[in-house]
Amino acid sequence: MAMQETKINVIILTGFLGAGKTSVLNNLLILYSNQKNMVIENEFGSESVDGNLVKLKQERVFELNNGCICCSLGEELYAVLREIAELSTPPDNVFIEASGLADPGALASVFIFETISEYFVVKSVIGVVDAVLFEDSLTQVPEAGRQLAIADLILLNKEAMVANGYTKSLEQKIKHINPLSVVFPTNHGKVTKEMVAQNLTRDTQLFDYQETHPHTHSDVKSILLDFKDAVFDLGRLRSILTVSLFLHYHQIYRIKGFVRVNESKGLYLVQSVGQQLSIIPVESKKDQKPFLVVIGKGLTRKGIMKLFSKGFDHGAMSRYIGEA
Ligand SMILES: Nc1nc2c(ncn2[C@@H]2O[C@H](COP(=O)(O)OP(=O)(O)OP(=O)(O)O)[C@@H](O)[C@H]2O)c(=O)[nH]1
């Protein structure tokens, strides 16, 4: 397989059953119709429904029908991605629509394999939320919280079906669970390129995020860590997080933020989705402060601080732990 100069963009669509993922996918395919797109669908059961619903033009739809991507389909997804990478003219974009019950962290973890990440880059994780059913699904189904936690962009779909004020309160609830996300109310899965382009540039908004009390929805919580002047040992931080994401995969859904490391004056961007970790130097604004947000289930501030403090480069640990 020849090494590609430009990686294939992967856009992952998550969201609970019937939330509007296929509608969003169809709109995305229209938006990107001037590029070469492929679609990977993950249906439960052997009968494909969405495969027929996706507006097929030149796109090729791969169907993963043997279960849920996150449970048994890692290998099947891996094989399909390899097949796509080996095409003589690979696509610009691959859209993956996860089944409504999928754990998207596990799905994203397929991209930690070097043989996959060499060819693909996860550009965006789009969470589609059903404005009518959101609150019920959140309390009843743990995957719903997890899907929200890893999304960069959250589309609050079927907005017209709920009252105005209610949409605002839902947006606030979503932001409490995932302060890293940008949320747009929409109808019939209407999505614009501007919405998709939202990700890191919006992260500065995080500084408005005040964690006055740990906010919990079906046990999913986000914790904001302010490291002040702490400096991490890059190698140690990387290995601690790699091991933790492996061991505590079911608890730590997402890590995102900026840290200072011993190797450079500039800030490093830390990101994890599932077991996929990246720590890379970034050009940040001069006044950008280091911070991290950790989203997961059953997390305690003290436990998370302890974990990170093991990666400190100097003995500043005691200053940071001790808060309950
Ligand atoms: N009224 C209304 N119906 C919508 C809206 N968005 C989607 N729908 C309908 O809701 C149903 C589910 O939409 P899909 O886009 O298929 O949702 P999905 O998340 O792909 O569904 P699954 O693949 O079954 O999980 C379809 O009948 C859509 O036509 C909306 O904004 N308003």
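This is a short tour of a predicted model, one selection at a time.

**Stop 1: helix α10**

Select residues 234–247. This is helix α10, with 14 residues. From its first C-alpha to its last it reaches 20 Å, close to the 20 Å expected at 1.5 Å a residue.

Now colour Leu237, Leu241, Ser244 and Leu245. These are the buried residues of α10. Turn the view until you look down the axis of α10. The buried residues fall within an arc of 95 degrees, so they line one face of the helix.

Which residues are exposed on the other side of α10? Pick out Val243, Phe246 and Leu247 there.

**Stop 2**

**Stop 3**

Select β12 and β13 together. They run antiparallel, and six bridges join them. Find Val270, then look across to β13: Ile279 stands opposite.

Next, follow the chain from β12 into β13. The two strands form a hairpin, with two residues between them. Click on Gly274 in the turn; its phi is positive, at about 60 degrees.

**Stop 3: the largest nonpolar core**

In soluble globular proteins, nonpolar side chains tend to be buried together. Here the largest nonpolar core has 73 residues. Select Ile12, Leu13, Ile126, Val129, Ile154 and Leu155, which touch the most other members.

Which strand gives the most to this core? Show residues 120–130: that is β5, which contributes six residues. The core also draws at least three residues from each of domain 1 (8–198) and domain 2 (216–320).

Zoom in on Ile126. Leave aside its neighbours within four places in sequence. Ile126 is then in contact with Ile11, Leu13, Val24, Ala151, Leu153 and Leu155.

**Stop 4: Lys193**

Finish at helix α9, residues 193–197, where you will find Lys193. Is Lys193 buried or exposed? Lys193 has 9 C-beta neighbours inside 10 Å, so it counts as exposed.

Lys193 and Leu31 are 162 residues apart along the chain, yet their C-alpha atoms are separated by 7.1 Å.

Key: Residues numbered from 1 in each chain as written. Predicted model: local features only at pLDDT ≥ 70, side-chain atom pairs only at ≥ 80, totals over all residues. Helix = DSSP H or I, 4+ residues; strand = E, 2+ residues; numbered from the N terminus. Expected span 1.5 Å × (residues − 1). Buried ≥ 20, exposed ≤ 12 C-beta atoms within 10 Å, placed from the backbone. Arc of directions from axis to C-beta. Core = buried A, V, L, I, M, F, W, Y, C linked by C-beta atoms within 7 Å. Domains from an automatic or database assignment. Contact = placed C-beta atoms within 7 Å. Pairing = 2+ DSSP bridges.
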